[in-house]
Amino acid sequence: MPRSARRIQLLAAAQEVFVAQGYHAAAMDDIAERAGVSKPVLYQHFPGKLDLYLALLDTQTSALAEGVRASLEGTRDNRERIHRVLLAYFGFVDRDDHDGAFRLIFESDLVNDPEVRKRVESVTARTMEAVADTVASDTGLSRAEAELLATALTGSAQVVARWWLASDRPVSQEDAITLLETLLWRGISNFPRRED
């Protein structure tokens with residue numbers, strides 16, 4: 001198997017084990033077994049369990065950040081942008097039943113490790129900055145003002161999506177997004193585009 005394909009296979013197996021058992025309870029033996037490889041093969045790709053976990057976090061945080069950034073592109077309609085950002089968060093969370101990516105990032109039992117914390121803070125900052133870039137460009141607000149508003153928008157998306165998942169999806173994803181979109185739009189629409 002090519003090295004890149006093997007790496008993808010190992011990361012997928014590790015994700016299943018880390019989500020099911022948590023970082024501390026997961027063993028490299030379990031991950032190798034889940035991947036159907038020997039431990040030496042696993043160690044050829046990742047020198048240790050923390051290295052494997054960090055590689056997995058890098059993959060998933062990049063996926064979330066890119067999903068949010070992509071949701072802002074392709075339209076100039078700001079209400080549609082809010083809808084797309086919420087869809088990116090809820091879509092990422094909704095994958096959780098299948099792969100647990102959201103839990104790996106935001107509910108890790110390793111959150112006090114400096115390298116893990118750095119990655120979690122990084123994805124929070126990257127998603128906020130993507131929204132702040134749009135807010136600043138559209139409204140002419142200062143960078144600090146745009147970041148404050150972007151933090152409110154992305155923070156709401158993250159917290160509500162996590163609550164929705166933890167509460168066993170008490171409303172449909174579509175209804176949850178519509179409710180939150182309506183709330184957020186009523187606030188951010190008070191900051192019109194400069195050309196309007």
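This briefing describes the fold, the nonpolar core and several individual residues of the structure shown above.

The model is predicted, and the protein in it contains 10 helices and 0 strands. Of its 196 residues, 43% count as buried, and the C-alpha trace spans about 60 × 35 × 30 Å along its principal axes. The points below move from the overall architecture to the core, and then to residues in loops and helices.

**Overall architecture**

- Read along the sequence, the secondary structure follows the pattern α-α-α-α-α-α-α-α-α-α, in keeping with a count of 10 helices and 0 strands.
- When contacts in the protein with a separation of 6 or more are considered, residues 24 or more positions apart account for 66% of them.
- The protein exposes about 10000 Å² of surface, and carbon and sulfur atoms supply 53% of that area.

**The largest nonpolar core**

- In soluble globular proteins, nonpolar side chains tend to be buried together.
- The largest nonpolar core here has 61 residues, of which F18, I31, L42, L52, Y53, Y89 and V131 touch the most other members.
- At least two residues of this core are supplied by each of α1 (3-21), α2 (28-35), α4 (49-72), α5 (78-94), α7, α8, α9 (143-166) and α10 (173-188).
- Helix α4 provides the largest share of the core, with 10 residues.
- V131, one of the residues that touch the most other core members, is in contact with V68, L72, V85, A150, L153 and T154 once residues up to four places away in sequence are set aside.

**The loop between α7 and α8**

- S108 is found in the loop that runs between α7 (101-106) and α8 (114-139), and with a relative accessible area of 11% this serine is buried, because the cut-off for that class is under 20%.
- The side chains of S108 and Y53 are joined by a polar contact of 2.7 Å, and Y53 is also among the residues that touch the most other members of the largest nonpolar core.
- Not counting residues up to four places away in sequence, S108 touches Y53, R103 and V116.
- L110 is found in the loop between α7 and α8 as well, and at 9% relative accessibility this leucine counts as buried.
- The C-alpha atoms of L110 and W164, which are 54 residues apart along the chain, are separated by 23 Å.

**The loop between α9 and α10**

- D168 lies in the loop between α9 and α10, where its phi is positive, at about 65°, although the residue is not a glycine.
- With 61% relative accessibility, D168 counts as exposed, because that class begins over 50%.
- R169 is found in the loop between α9 and α10 too, and its phi is near 50°, again a positive value in a residue other than glycine.
- The relative accessible area of R169 is 23%, which makes this arginine partly exposed, whereas D168 counts as exposed.

- Apart from neighbours within four places in sequence, E181 is in contact with R79, I82, H83 and L86.
- When neighbours within four places in sequence are left aside, the contacts of L87 are with Q173 and I177.
- The C-alpha atoms of L87 and V68 are separated by 8.8 Å, the two residues being 19 apart along the chain, and V68 is also one of the residues touched by V131.

Methods: Residues numbered from 1 in each chain as written. Predicted model: local features only at pLDDT ≥ 70, side-chain atom pairs only at ≥ 80, totals over all residues. Heavy atoms only, no water. Helix = DSSP H or I, 4+ residues; strand = E, 2+ residues; numbered from the N terminus. Buried < 20%, exposed > 50% of the residue type's maximum accessible area, 1.4 Å probe, protein only. Contact = heavy atoms within 4.5 Å. Areas by Shrake-Rupley, 256 points an atom, 1.4 Å probe, with all protein chains shown as cover. Polar contact = N/O pair within 3.5 Å; in protein donor to acceptor, adjacent residues only side chain to side chain. Core = buried A, V, L, I, M, F, W, Y, C linked by side-chain atoms within 4.5 Å.
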